[in-house]
Structure formats: C-alpha cells, structure tokens
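Me: I have a structure to go through with you. Please take my questions in turn.

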Amino acid sequence: MERTKSVFIAISSLFFSIGFLAIGYGMIMTFIGVFLKENGTSDMVIGLINAAFFLGAMASAIFSQKIISTIGHIRSFVTFASLMVITFLLHSLFLNEAFWAILRLISGFAYYGLLIILESWLNEKSSNEQRGQILAIYTAVFYLSTAVGQLLLNIEDDFKHMIFSIGAVLVLFSVIFIAMTKIKEPTLQPFERYSFPKLYNIVPLAVTGSFISGFFIGGFFTMVPLYILKVFDSKEVLSLFMTFTLLGGLLSQWPIGKLSDIYGRRKLIAFTGFFTAIVSLMFILLPPSETMIYFLGALLGISIFCIYPLSLSRANDVIDENKDIVEISRALLFAYGMGSFFAPVVIGLGFNYLSHQILFIMFLILGIYLALYSLSRKRVEDDHMSVFVSVPVASGAVIPEFDPRQDQEWVDEQQSNN
C-alpha cells in the first residue's frame, strides 16, 4: 500500500502535465474551426486545415520515436512543447490558410510526440498491478481536462485573439511540471509495422471499429463545432455542447465496458453503432433547441467515445498468444488516426457542396454500417474474452504497452472479480 502511494505521488506531476496539455488541446482543436469560420474561410478549407493536425499525429507515431531515442525524453519534451508554443503563437500573428495547415501539421506531430513521452514515463513508473488504476486516472484526467478546455471558448469576443496565447501558456505549464520532477528516462522499444491487409485478416472488426471511431472523434472535434455554430450562432452553446458530449463519453466508459465484459464486444460495438445512428437521426429530425442539443450531445458522447476501446478489447479477445498484441494495438491506433484524418476532409467537402446536415447523415450511415458489420462477425467464446479497458480519447503510440491486459495475472484477477 505504501509503495503504491509513493508511486502515485511520484507520477502526480505527469498527470498535472497531461491535464494542462489536454486543456490546451481541447480548446485549440475546437477554436481553430470557429476562428476560421468567423474570418470567412470555406468549410472545405477548414476541413483540410484540421486534417493536417491528424496527418502530423500519424507522422509522429512513425518518426517521433527516433527523435526521443536520440536526444532523450526530457529534451524531446521541451522540443515538442516549444514547437507547440511556437505554432500557437504564430496562429495569432498570421492568418493564411496554407500557413495554418503547416502549423497544424507541426502541432499534431509535436502533441502526439508529447503523449508518447508522457505515456512511456507512466508505463515505466507503474507495475503490472498498478497499470489498470493509472490508466483509469489517465483517462479521467484527459476527458475532464479536455472538457474544461471547451469552457474556455466562452471568452469575450474582445479577447478572443488571446486564445492562442492562453493555449501556449497551458503548454508551458506542462513543461514546468516535467522540468521540476526527477523521473528516470525509460527505454523506448522499436515499433514494428503491421500491413493493413494482414491486420484486417487477423482482426477485421477491430480495424473497422477503430477507423470508424477515428472518423467520429475527428469529425466531432473539427467539424461538429461548425455545425453547432451554423444552427445556433453562439460560442456559449458550442462550448457547453462540447463539454456535455465529453462528460457523456467519460461517464459511459465504465457501464459500457462492464456490459461488454458480460455480453461480448461484438454486441456492444453493434449497440454503439446503432445508438450513434439513432442520435444522429435525432440531430437531423428534431427541431433545434439549446436544452435538446445538450441532451443529444451527452447521448452522442456515450456512443462515439466507447467504440475505439471496444475495438481494442475485441482485438485482445480474438488474438492468440502467438501474435504480438502490442504491435497490433499500435496498428489499430494508426487506423484510428486515419479515420480522424479523413473525417474533416470528407465532411468539409460535404459542407461546402451539400448541406451541414451531411455530417450527421454520414454519422448515421457509418453507425448503421458498423452495427450490421459487427453483428455479422463471429462471436467470441466467454472463456476467450479479455477485460474491457478504457483509453483516453487521444493516445500516443506507447499506450498499447501501458495496457494492463498484457499481464495475464491482472486479466485473471479482473475476470474473477466479475
């Protein structure tokens, strides 16, 4: 008990650092589209600019490990954090769409590099029996901090130019907590690469669910704000809607996870797909009102934020001991990133040439497809099932190593508790 307490005290600075980063991440991610829309940028261009962030994130998963291994975790953290601060401040100095796309790409690369560093430190400091608790705290901190970031969008119009400066300050606070903590630098293991055709043959439902989940989450952070502004023309409504959706996502993790442990991942993925489709249909058909939009936001969060952890759990259920689940999980994370990248591009084109309703029409179609596809897959026997583990809405490439399901004793203990 005393050892566990000392570990949590030692890594508390990491959670503070994650919290400040997530507040800045959530605030800027939503604000970019709002700011560009207010300055007359087309929806299609906004989508492309936002997609650049996720392109940077995917590049980070491939290349940032080399930087971290070469110059060390602390120097890498300072480097990536500095890049984020520079890009945030440059946003406030120049408004040029092509330039902003480059800045978003750099900030995506830097942000996910920071997540890799923080996750590898958490993994280094936690034992097998503590990983489940630490990952749960990580997930809660990330959701709550990202939700707090949405509330900062309510800043007065006279001070809206300060948003990027506030984001830069938040990133710098995260550096302070890291700089003042003496933590042993872990060793990053080389990342193997799985080809997607091979991966799809091994875990088709997990790949499909990860991609569609990325599409939903990428679309939520980048293009849903434009939809809300179109309907309500209010940043206050937008910030509260985003906050309620994130809180719905956080609160749903435990009950959805428990149900999936009882009834199986296949049925719960199908449920979340159908649920997303129903909520999307309600967005399309119901007359808009502030109370209704907050309620629908919470319902949307219940479904879209659970699909990726359910897909990851499905992969753990069906993969045999001869396969490397860590590398497969990283490949699923990459599929999630691809979905996040395509969402703003496709939805932005739809906004530009069709209607803003196309967003929830796409969510409706993808939700139904995911549900039907999930039900068409083979059921996993109860004795082959792992245990559901929630993961943050944005994760670095080290999170699969941090997954406590890699420890069979922990899985057996959780299953016995159930």
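Me: Is aspartate 43 buried or exposed?
Reply: This is a predicted model, in which local features need pLDDT of at least 70, side-chain atom pairs count only at pLDDT 80 or more, and totals for chains, interfaces and linings use all residues. Residues are numbered from 1 along each chain as its sequence is written, and side-chain values use heavy atoms, with hydrogens and water left out. Buried means under 20% relative accessible area, exposed over 50%, and partly exposed in between (1.4 Å probe, protein chains only). Aspartate 43 has 5% relative accessibility, so the residue counts as buried.

Me: Which residue forms a salt bridge with aspartate 43?
Reply: A salt bridge requires a side-chain nitrogen of Lys or Arg within 4 Å of a carboxyl oxygen of Asp or Glu. Here the closest N and O atoms are 2.9 Å apart. The partner is partly exposed, with a relative accessible area of 36%; it is lysine 37.

Me: How do α8 and α15 run relative to each other?
Reply: Helices are DSSP runs (H or I, at least four residues), numbered from the N terminus. Helix α8 (residues 204–222) and helix α15 (residues 358–376) pack at about 165 degrees, where axes are lines fitted to C-alpha atoms over the stretch in contact and angles run from 0 to 180 degrees between N-to-C directions. Angles under 35 degrees count as roughly parallel, over 145 as roughly antiparallel, 65 to 115 as roughly perpendicular and the rest as oblique. The two helices are therefore roughly antiparallel.

Me: How far apart are the C-alpha atoms of proline 392 and valine 141?
Reply: Proline 392 lies in the loop between α15 and α16 (399–402) and is buried at 3% relative accessibility. Valine 141 is 251 residues away along the chain, yet the C-alpha separation is 8.7 Å.
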